[in-house]
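Thanks for coming, everyone. I have one model to show you today, and I will keep it short. Have a look at it first.

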Amino acid sequence: MHVFGLIGNPVGHSLSPPMHEAAYRELDMDAKYVTFEPDPDAVAAAIEGAAALGIDGLNVTIPFKQDVLSLVDPDPLAARIGAVNTVDFSTSPPRGYNTDAAGVRRAFDHHGVGLSGTDAVVVGAGGAARAVAFTLADACERVHVANRTVEKADALAADVRADADATVTAGGLDTLADRVPTADVLVNATSVGMESDETPVPATLLHGDLAVLDAVYAPVETRLLRDAAAAGATTVDGAWMLLFQGVVAFERWTGRDAPVEAMNDALRSHLG
Ligand code: ATR
């Protein structure tokens with residue numbers, strides 16, 4: 001029996017268990033996916049305990065993604081981002097990955113959106129935006145970070161710029177008016193639109209040559225994505241990002257191709 005799981009606090013509403021269990025069923029694997037909610041001061045003990053118990057792999061979510069970085073051997077991208085969301089216990093010390101970042105790329109790939117040579121805009125400068133911005137800076141030609149709090153956009157852009165080939169700029173939300181009309185790729189990595197019908201990007205800026213990814217997945221169809229579709233843009237909803245971080249984690253842990261369709265069906269049936 002293989003045991004995988006998730007540590008975070010809280011983890012009660014996580015969609016990872018049904019998504020991963022669907023993969024095990026599809027591939028007829030003898031495996032379980034379990035959620036754990038350690039106290040915030042017990043995360044080091046939890047990682048050590050998981051290794052000692054022979055747990056195969058753990059996803060990591062809020063508030064532990066940064067803490068876990070120093071408890072594992074992070075791959076270079078996770079180290080640059082400063083956050084780990086997937087731990088593989090098959091080595092000692094366990095290896096840490098950031099599949100939120102890899103998932104962004106796979107979500108675009110899946111929709112036929114190539115990032116090479118593109119001009120990208122990331123809205124937001126929090127934890128989600130950090131994984132997105134580092135990923136885009138590895139693939140795109142230009143990345144602009146726009147955030148309500150300009151200082152946070154500047155700080156994120158400076159971190160990303162330090163070891164990226166892309167040209168990285170930053171500004172407030174007012175800079176969207178300059179950047180979005182000429183952009184190829186737009187990612188909303190703010191929480192705007194979550195459980196509300198708001199958008200961080202005025203609809204008038206959107207256009208048909210844009211690919212828009214919204215990291216918000218509740219609701220799946222956000223106002224930003226509706227506006228983007230109406231403007232003729234390619235749209236990628238937040239469930240794809242959630243799906244592909246899970247797909248990449250599964251593939252790291254098992255070395256097998258993930259059954260993407262079965263995982264997607266399970267995820268979307270739980271999202272309603
Ligand atoms: P996460 O880990 O999900 O990225 P976070 O670190 O709290 O969460 O970041 C939330 C992001 O959404 C931030 O970029 C935040 O902007 P600020 O840095 O200015 O706080 C952005 N955000 C949240 N509510 C917003 C709103 N009403 N308008 C614009 N941006 C908002």
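Which residues are linked in a network of salt bridges? They are Arg80, Asp138 and Asp163. By salt bridge I mean a side-chain nitrogen of Lys or Arg within 4 Å of a carboxyl oxygen of Asp or Glu.

Some ground rules. This is a predicted model, where local features need pLDDT of at least 70, side-chain atom pairs count only at pLDDT 80 or more, and totals for chains, interfaces and linings use all residues. Residues are numbered from 1 along each chain as its sequence is written, and side-chain values use heavy atoms, with hydrogens and water left out.

Back to the salt bridges. The count comes to 9. I will take three pairs.

Arg80 bridges to Asp138, with the closest N and O atoms 3.1 Å apart. Arg80 sits in helix 3 (residues 76-81) and Asp138 in helix 5 (residues 127-139), so this pair links distant parts of the chain, 58 residues apart. Helices here are DSSP runs of H or I, at least four residues, and strands are runs of E, at least two, both numbered from the N terminus. Arg80 has 24% relative accessibility and counts as partly exposed. Asp138, at 38%, is partly exposed too. The cut-offs: buried is under 20% relative accessible area, exposed is over 50%, and partly exposed is in between, with a 1.4 Å probe and protein chains only.

Next pair. Arg95 and Asp73 meet at 3.0 Å, N to O. Arg95 belongs to strand 6 (residues 95-97) and Asp73 to strand 4 (residues 73-74), 22 residues apart. Arg95 is partly exposed at 25%. Asp73 is partly exposed at 33%.

Third pair. Arg106 and Glu251 form a salt bridge, closest N and O atoms 3.2 Å apart. Arg106 is in helix 4 (residues 99-110) and Glu251 in helix 9 (residues 238-254), so the pair ties together parts 145 residues apart in sequence. Arg106 is partly exposed, at 27%.

Now helix 8, residues 223-230. Which of its residues are buried? Leu224, Leu225, Asp227 and Ala228. In general, an α-helix has 3.6 residues a turn, so residues three or four places apart point the same way.

What covers that face? The cover of the buried residues includes strand 10 (185-188), strand 11 (211-214) and strand 12 (234-236). Contact there means heavy atoms within 4.5 Å. After helix 8 comes Gly232, with a positive phi near 85°.
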